[in-house]
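Subject: Structure handover

Hello,

Here is the structure I said I would pass on. My notes on it follow below.

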Amino acid sequence: MTYSVAVSGASGYAGGEILRILAAHPDVEIRTVTAHSNAGQPLIQHQPHLRSLAHLTLSQTTPDVLAGHDIVFLALPHGQSGQYTDALADTPLVIDAGADHRLVDPTAWDSFYGGDFHEPWTYGVPELLIGGGAKQRDRLTGATRIAAPGCNASTVSLSLVPGVAAGVIDTRDIVSVLAVGPSGAGKSLKTNLLASEILGTANPYAVGGTHRHIPEIRQALAGAFPVDGAGSAGGDAEWTSLADAIRISFTPVLVPMARGILATSTAPIAPGVSDDEIRAAWQDAYGDETFVQLLPAGEFPRTADVVGANTALIGLAIDRAAGRVVVVAAVDNLVKGTAGAAVQSMNIALGLAEGTGLTVNGVAP
Ligand SMILES: NC(=O)c1ccc[n+]([C@@H]2O[C@H](COP(=O)([O-])OP(=O)(O)OC[C@H]3O[C@@H](n4cnc5c(N)ncnc54)[C@H](OP(=O)(O)O)[C@@H]3O)[C@@H](O)[C@H]2O)c1
């Protein structure tokens, strides 16, 4: 079967990356692409690297235009998706790259985003541990509404869930510092993202606990506690109280690379835990995974190794002098951080081979 697909936000970075991956996917036909201010223009004018899709024209994003497809991808600014999702009730599979359906807790939504709260959808990070040894992949099988992750959020969550699930780190003192590329902020013009503002410098932003991905990380990490099945797809009341047990200091730093995230996360080692037990937690979590890979001891990832790849590379160190576990993760924000996660989740939902259309290989140098 070939699934018909519509991609909204197709003139933007996330929409463009969804299209790049789907263009090589054997089971889909990209029928409709939509935009907002650029509607009516050829797609190729905004995505000149997508040569095989040069025949497509950007339509206006309306419920009518998006309806009638087997799968709809929403890649819109946060706060915009909700208005379309209600109108897409008959669409078999809708995948939102935005934040509108990620959070379970309305209070967290109010604090970090504001505006209308929309119901949480199945979270699109298949490799996340969700308690009891299960993974988020189990919830994605047959899912009809999927919330693709925030790129920084999924990078930090994948870095730390093995330690949370195994009880080898103290979740009340997590520190994450991330080097991030400006494509994570989207394609629309912003003064602070001009080349003259970002080349040759590193710029911290959203310092001091204000970044919007913080509640998403706390939600995912809380879901990895080994309690009876509470997790990131449900509305379980356990969530909000468990999230109180996750304290994270999160600081992103904008650096001059078009795409990529290098996240360094540290947390105290739980009392009485051996080095072997710590490494085993990550090895057991990811040893069988294709797209999340633990590097050998002493090796740490570079962002260049994952550019264009649906791969999260993770390096693990145990700093006994500091009493902390150190996890360094590299992810392409537009692939494993967004579009790749969305397509991987789509594959699982539809019962296709999970890696269809996706690659583990990056583009380096
Ligand atoms: N960039 C990333 O690394 C990344 C990672 C994870 C998640 N996401 C999420 O993906 C979504 C899109 O992000 P992006 O980085 O692709 O942003 P972007 O490059 O700025 O693209 C935004 C897209 O949305 C369209 N749009 C803008 N306002 C709209 C409106 N009011 N109604 C309908 N469409 C509208 C734009 O169309 P026009 O160009 O025609 O105006 C454009 O196609 C966001 O929710 C973001 O949080 C992005």
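Domain bounds here come from an automatic or database domain assignment. This is a predicted model: local features need pLDDT of at least 70, side-chain atom pairs count only at pLDDT 80 or more, and totals for chains, interfaces and linings use all residues. Residues are numbered from 1 along each chain as its sequence is written.

Domains

The assignment divides the chain into domain 1 (3-150 + 336-350) and domain 2 (152-333). Their C-alpha centres are 23 Å apart. Across the boundary, 30 residues of domain 1 are in contact with 45 residues of domain 2; contact means that the C-beta atoms of two residues, placed from the backbone, lie within 7 Å. On the domain 1 side, two or more residues come from each of helix H5 (106-112), S6, helix H6 (136-140) and H12. Helices (H or I, at least four residues) and strands (E, at least two) are DSSP runs, numbered from the N terminus. H12 gives the largest share of that side, 6 residues. By class, the side of domain 1 that touches domain 2 has 15 nonpolar, 10 polar and 5 charged residues. For these classes, Ala, Val, Leu, Ile, Met, Phe, Trp, Tyr, Cys and Pro count as nonpolar, Asp, Glu, Lys and Arg as charged, and the others, Gly among them, as polar.

Ligand shell

There are 31 residues around the ligand, and Gly-12, Ala-35, Gly-98, Gly-186 and Lys-187 come nearest. A residue is near a molecule or strand if its C-beta atom, placed from the backbone, lies within 6 Å of it. Domain 1 and domain 2 each supply at least three residues to the shell. Which element gives the most to the shell? That is H1, with 3 residues. The shell has 19 polar, 11 nonpolar and 1 charged residues.

First sheet

Two strands pair if DSSP finds at least two bridges between them. Asp-96 stands opposite Ala-147 in S7. Axes are lines fitted to C-alpha atoms, for helices over the stretch in contact, and angles run from 0 to 180 degrees between N-to-C directions.

Another open sheet of 7 strands has the order S9-S10-S8-S11-S14-S13-S12, with mixed pairing. Its edge strands are strand S9 (203-204) and S12, each of which pairs on one side only. Some of the pairs:

- Strand S8 (residues 174-180) and strand S10 (residues 248-254) are parallel, with 7 bridges; Ala-179 has Val-253 in S10 as its bridge partner.
- Strand S12 (residues 292-294) and strand S13 (residues 312-319) run parallel, joined by 3 bridges; Leu-294 has Ile-314 in S13 as its bridge partner.
- S13 and strand S14 (residues 324-331) are antiparallel over 7 bridges; Leu-316 has Val-327 in S14 as its bridge partner.

The hairpin of S13 and S14 has 4 residues between the strands, and Gly-323 there takes a positive phi near 70 degrees. Helix H7 (residues 151-166) lies across S8, S10, strand S11 (261-268), S12, S13 and S14, at about 35 degrees to S11.

Is Val-327 buried or exposed? Val-327, in strand S14, counts as buried because it has 26 C-beta neighbours inside 10 Å. The cut-offs are 20 or more other C-beta atoms within 10 Å for buried, 12 or fewer for exposed, and partly exposed in between, with C-beta atoms placed from the backbone. Leaving out residues up to four places away in sequence, Val-327 touches Ser-159, Leu-160, Ser-265, Ile-314 and Leu-316. Val-327 and His-25 are 302 residues apart along the chain, and their C-alpha atoms are separated by 33 Å.

Ala-317 lies in strand S13 and is partly exposed, with 17 other C-beta atoms within 10 Å. From Ala-317 to Asp-70 the C-alpha separation is 45 Å, at 247 residues apart in sequence.

Regards
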